[in-house]
Number of protein chains: 12
Amino acid sequence: MPTAEKDHVYKILELVGSSETSIEDAIKNAVGRAAKTVRDMKWFEVVQTRGHIENNTVRHYQVTLRVGFTLEG
Amino acid sequence: MPTAEKDHVYKILELVGSSETSIEDAIKNAVGRAAKTVRDMKWFEVVQTRGHIENNTVRHYQVTLRVGFTLEG
Amino acid sequence: MPTAEKDHVYKILELVGSSETSIEDAIKNAVGRAAKTVRDMKWFEVVQTRGHIENNTVRHYQVTLRVGFTLEG
Amino acid sequence: MPTAEKDHVYKILELVGSSETSIEDAIKNAVGRAAKTVRDMKWFEVVQTRGHIENNTVRHYQVTLRVGFTLEG
Amino acid sequence: MPTAEKDHVYKILELVGSSETSIEDAIKNAVGRAAKTVRDMKWFEVVQTRGHIENNTVRHYQVTLRVGFTLEG
Amino acid sequence: MPTAEKDHVYKILELVGSSETSIEDAIKNAVGRAAKTVRDMKWFEVVQTRGHIENNTVRHYQVTLRVGFTLEG
Amino acid sequence: MPTAEKDHVYKILELVGSSETSIEDAIKNAVGRAAKTVRDMKWFEVVQTRGHIENNTVRHYQVTLRVGFTLEG
Amino acid sequence: MPTAEKDHVYKILELVGSSETSIEDAIKNAVGRAAKTVRDMKWFEVVQTRGHIENNTVRHYQVTLRVGFTLEG
Amino acid sequence: MPTAEKDHVYKILELVGSSETSIEDAIKNAVGRAAKTVRDMKWFEVVQTRGHIENNTVRHYQVTLRVGFTLEG
Amino acid sequence: MPTAEKDHVYKILELVGSSETSIEDAIKNAVGRAAKTVRDMKWFEVVQTRGHIENNTVRHYQVTLRVGFTLEG
Amino acid sequence: MPTAEKDHVYKILELVGSSETSIEDAIKNAVGRAAKTVRDMKWFEVVQTRGHIENNTVRHYQVTLRVGFTLEG
Amino acid sequence: MPTAEKDHVYKILELVGSSETSIEDAIKNAVGRAAKTVRDMKWFEVVQTRGHIENNTVRHYQVTLRVGFTLEG
């Protein structure tokens with residue numbers, strides 16, 4: 001959690017990002033997509049790391065995140 | 001989780017549905033109600049099963065669900 | 001959870017409230033802020049209690065809550 | 001949990017009910033049996049769902065419940 | 001847990017206390033009510049902290065406790 | 001777990017069964033399919049209950065089970 | 001859990017046994033003490049293993065058990 | 001979990017993969033090795049991430065996976 | 001987990017061993033039985049300790065183990 | 001967790017504070033005592049809340065904390 | 001936890017002890033080794049029980065403990 | 001855990017490492033910093049993966065580790 005300013009309130013979103021490349025990239029995709037509608041995201045926490053397998057090969061990483069953002073005013 | 005299409009991002013809602021009849025019916029009530037405002041729900045996961053007792057009889061089942069849906073474009 | 005009326009559906013928000021004074025005050029701040037946009041909150045559950053330390057003194061309590069409210073009609 | 005009246009205290013019992021038919025029926029059997037000695041049961045929470053298999057067929061469902069009831073006066 | 005005397009056996013009760021004032025007061029209410037029927041309580045452990053909201057204000061704290069007491073002789 | 005006969009050893013399989021009808025039916029499908037290759041299944045435990053949603057309707061229940069069976073002699 | 005006979009209901013007690021000798025002995029002490037007031041105990045499950053240290057030596061083992069017994073007729 | 005086709009049953013394997021390079025590489029090594037004996041793997045879930053340290057340097061990542069695959073016919 | 005050699009992959013079995021004597025003996029019985037079909041077991045982890053009670057006396061200890069072994073080549 | 005400056009490393013201590021007055025006071029006592037030997041504490045997280053009962057009255061609150069502090073240079 | 005004297009603060013160490021003989025002996029080895037540098041240890045809690053297997057035989061028990069001791073003055 | 005030599009005792013440290021680059025790099029930073037004061041680190045386990053977001057972009061990964069090292073003599 002971020003250094004709280006006085007009496008701030010945060011809301012937590014839960015998102016699933018996916019990527020063919022890496023766990024970090026799946027996190028970035030989730031945060032990047034959320035940025036279209038949410039401002040002031042402050043932190044994330046990884047809740048689960050999963051993925052899909054096709055033809056006996058890892059095809060996607062899927063990372064479930066809790067993301068905290070400031071509720072303004 | 002559904003088979004992820006390339007780099008999709010999902011959001012997870014948490015809902016509580018109730019029913020006098022069955023656990024499955026409580027799940028359906030929660031999903032049906034959410035369908036009024038959320039499109040493209042893909043999966044659910046049961047987090048908790050509870051219920052109320054009146055006059056020493058089970059009166060409602062209450063099921064807490066996490067529901068995933070696609071964040072479009 | 002509240003005494004369920006027939007086939008009601010509830011949604012759960014996750015919030016973080018903070019206070020310099022007490023855990024109870026951090027809970028109240030989170031609920032009070034959420035009241036600006038959510039009606040019909042019914043119950044909360046404390047998920048985590050944390051805080052910040054500055055100059056070797058507790059500076060804020062930060063309480064993560066799950067808050068349930070009725071989805072109308 | 002039920003809507004608390006002022007300063008009520010509840011006690012929680014832990015029970016295991018079983019049924020050859022369904023999970024809901026195992027819950028009802030546990031609550032019905034407890035009703036012989038406990039008054040004022042208010043809510044239950046499913047802690048675990050198990051069962052027995054005989055001749056490669058599911059024979060019983062066994063559901064472990066926590067059941068809350070009011071401690072009077 | 002208390003410092004065990006030789007080969008003592010303890011039993012654990014699970015209680016829910018509530019208070020309009022504070023988490024500590026909800027704990028005291030549960031312990032005080034249990035004292036009417038149980039002697040020799042030694043320790044408690046907070047299992048869950050919840051509460052009710054009415055008119056967008058916290059109305060009660062509800063604390064679930066496990067309470068240990070000595071089984072005599 | 002079953003009443004253990006002297007010094008028996010059990011092995012635990014983890015399975016996911018699915019059904020369009022009910023949670024109980026998903027359990028039965030998993031046990032029935034495992035019965036093709038495993039003898040002497042004794043008990044199961046539900047680890048997770050999930051499902052898929054299509055067109056805003058629950059389409060399948062998916063139940064993850066741990067299933068215990070006797071390792072013979 | 002024991003092989004359930006038809007529609008039996010079990011109740012679960014939670015106990016803490018202690019012993020200066022071994023974990024097994026602490027379990028036996030708890031079961032032996034409970035046998036003074038409870039009939040038809042069927043199974044136990046270890047929830048926690050703790051102990052006390054005096055003069056830098058282990059002095060007691062303390063084992064928390066959940067014990068299931070049959071609720072008759 | 002994959003989009004379930006009608007009444008499919010899946011089995012879950014638990015594997016530990018290791019790699020000197022990255023967490024993703026440890027996952028791929030486990031899946032690649034399992035592919036020698038298991039067909040139709042569909043998804044994985046990371047259960048634990050550990051590693052070994054030699055000469056004060058990270059030497060291996062070790063990732064424990066649950067891997068689901070279709071039980072045919 | 002054992003000191004990993006380069007890029008080894010391990011598989012995890014889950015077993016339940018029982019003994020009338022001790023927890024350690026139940027572990028040894030499970031490992032000894034598994035040794036009839038599995039080579040190269042490297043480590044175990046205790047997941048649960050339970051037991052059966054007959055005539056108010058502990059009759060068996062039942063220990064659930066996860067056991068890791070090397071997948072060769 | 002605090003806003004991380006570039007590549008900082010934190011260490012986590014685990015402490016138990018006690019107080020006859022309140023949960024918040026038990027937290028402050030633990031942090032205050034740790035301040036005698038640790039500099040640069042940044043955050044805490046409550047892991048467990050317990051307490052002692054004497055003469056059927058709550059006598060102490062005992063709060064287990066994880067406390068993070070900066071490892072310098 | 002021990003009976004707290006007024007406003008005492010405890011610190012928790014986490015240790016892993018091992019023994020070829022028994023779980024109890026692994027606990028004693030950890031406590032005995034810690035006694036070389038820590039005074040006033042008061043209680044322990046078993047966090048995990050694992051072990052190593054060589055030649056299909058249990059070779060060591062490894063027990064992870066949390067150990068509490070008094071912070072003086 | 002490493003292959004235990006006879007009756008060794010390990011101590012577990014809990015650390016948080018951070019990195020702007022990757023989860024693996026955050027692990028390496030924590031281990032590298034601890035190496036300044038601790039010898040004979042043997043293994044680590046990832047307890048939590050979090051991070052900070054600035055300007056809607058992932059800025060740091062923060063990984064909480066438990067690190068085991070040998071207590072000599």
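1. Between them, chain H and chain A bury about 1300 Å², with 56% of that area on carbon and sulfur atoms. Three residues of chain H, namely Glu24(H), Phe44(H) and Glu45(H), account for 39% of the area that chain H buries against chain A, which is more than any other three residues supply. The model is a predicted one, and these values should be read with that in mind.

2. In terms of residues, the interface brings 16 residues of chain H into contact with 14 residues of chain A.

3. Polar pairing across this interface comprises five residue pairs in polar contact, both residues of each pair being at pLDDT 80 or more. As for secondary structure, α1 (23-34) and β2 (41-54) of chain H each contribute at least two residues to the side of chain H that touches chain A, and β2(H) gives the most, with six residues. Sorted by class, that side of chain H holds eleven nonpolar and five charged residues, and no polar ones.

4. The strand β2 (residues 41-54) of chain A is joined to β2(H) by three bridges, and the two strands run antiparallel. Within this pairing, Arg50(A) has Glu45(H) as its bridge partner in β2(H).

5. The count of salt bridges between chain H and chain A is one, and the side chains that form a salt bridge here are those of Glu45(H) and Arg50(A), at 3.8 Å from N to O.

Key
Residues numbered from 1 in each chain as written. Chains lettered and ligands numbered in written order. Predicted model: local features only at pLDDT ≥ 70, side-chain atom pairs only at ≥ 80, totals over all residues. Heavy atoms only, no water. Contact = heavy atoms within 4.5 Å. Buried area = accessible area lost by both parts, 1.4 Å probe. Salt bridge = Lys/Arg side-chain N within 4 Å of Asp/Glu carboxyl O. Polar contact = N/O pair within 3.5 Å; in protein donor to acceptor, adjacent residues only side chain to side chain. Helix = DSSP H or I, 4+ residues; strand = E, 2+ residues; numbered from the N terminus. Nonpolar A, V, L, I, M, F, W, Y, C, P; charged D, E, K, R; others polar. Pairing = 2+ DSSP bridges.
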